[in-house]
Amino acid sequence: MSVLDEIVAGVREDLAVRQAALDETGLAALAAAAPPAREVMTAFRAPGLSVISEVKRRSPSKGDLADIPDPAALAAAYTAGGADAISVLTEQRRFGGSLDDLRAVRAAVATPLLRKDFIVTEYQLLEARAAGADLVLLIVAALDDATLARLHDRARELGMTVLVEVHEEDEIARALAIGAELIGVNARNLKTLEVDPDAFGRLVRLLPDDVVKVAESGITGPADAARYAAEGADVVLVGEALVKDGDPTSAVAAMRAVPASGGAR
């Protein structure tokens, strides 16, 4: 069993507990009552490098990263630095996150929010919308083609933007087949946790011009962000480097100042 398989198995166990406490009908009502999802693609397509800043306590590969007693305060610091979106980890077992973190961040900032988790069911999409998420992550490696397409379509029906994550060449073909407009290339293979720093540069060439391209993992500062931008990234998703930085506002601003391949802001 791969690391990804183990994570998804745990996600399903925790999901079953939440489903037993609140059925899908009740959750759907909460999602319908939530304010409409915020639009983010216009910002991602604008000249310059966009930044998705992540609220991330720990990871399977690095263990504990940062003590974040107040995720809302961290999100506010990201917003002050000009983050185009904020990613909130909601997976508990390996990443130490929760939907409560997402709700707290939603209450604190107007910045578009990404629910970062291992989404495998429509129930989780409803959870995301009910908690105020504007974007959701779908990991191609974790889903079969039918489920990937169904969840992608359902998320869009709910008004959310979908970040479709790929790690390998064949996964790009699967992402494009469902009409993905926002594709993230993760340099970390979630099946092995190994990082390939050349993955983005190799795979981005296979993406059409009209797809918004997100570089994920391996970004330690502005220099890495600049390298990915030069290779064609429109957006960088950064977690570890920001939660470890003593001045997250300035750290976000420095990355956002990097010109993307399309030009400077």
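Contact here means heavy atoms within 4.5 Å. This is a predicted model, in which local features need pLDDT of at least 70, side-chain atom pairs count only at pLDDT 80 or more, and totals for chains, interfaces and linings use all residues. Residues are numbered from 1 along each chain as its sequence is written, and side-chain values use heavy atoms, with hydrogens and water left out.

**Stop 1: Gln124**

Select Gln124, in helix α6 (residues 122-130). Helices are DSSP runs of H or I with at least four residues, strands are runs of E with at least two, and both are numbered from the N terminus. Is Gln124 buried or exposed? Gln124 counts as buried because its relative accessibility is 0%; buried means under 20% relative accessible area, exposed over 50%, and partly exposed in between, with a 1.4 Å probe and protein chains only.

Next, show the side chain of Gln124. One of its polar atoms lies 2.6 Å from the backbone nitrogen of Val120, and a polar atom of this side chain lies 3.1 Å from the backbone oxygen of Phe118. Leaving aside neighbours within four places in sequence, the residues in contact with Gln124 are Val11, Leu15, Arg18, Arg115, Phe118 and Ile119.

**Stop 2: helix α8**

Select residues 169-177, which form helix α8, and colour its buried residues: Glu171, Ile172 and Ala175. These lie on the same side of α8 because they cover an arc of only 105° around the axis. The arc is taken from the directions from the helix axis to the C-beta atoms. Glu169 and Ala177, on the other side of α8, are exposed. Just after α8, find Gly179, which has a positive phi of about 85°.

**Stop 3: the largest pocket**

Select Glu54, Lys56, Arg188, Ser217 and Gly218, which lie nearest the centre of the largest pocket among its 30 lining residues. Elements giving two or more residues to this lining are β6 (135-139), β10 (235-238) and α11 (240-243). A pocket is an open set of points on a 1 Å grid over the protein atoms alone, with protein on both sides within 12 Å along at least five of seven lines; lining residues have an atom within 4 Å of a point.

**Stop 4: the largest cavity**

Finally, select Val55, Lys56, Arg57, Leu89, Phe95, Gly96, Gly97 and Asp101, the lining of the largest cavity. A cavity is a set of grid points where a 1.4 Å probe fits but cannot get out.

Terms used
A polar contact is a pair of N or O atoms within 3.5 Å; within protein, one must be able to donate a hydrogen and the other to accept it, and residues adjacent in sequence count only if both atoms are side-chain atoms.
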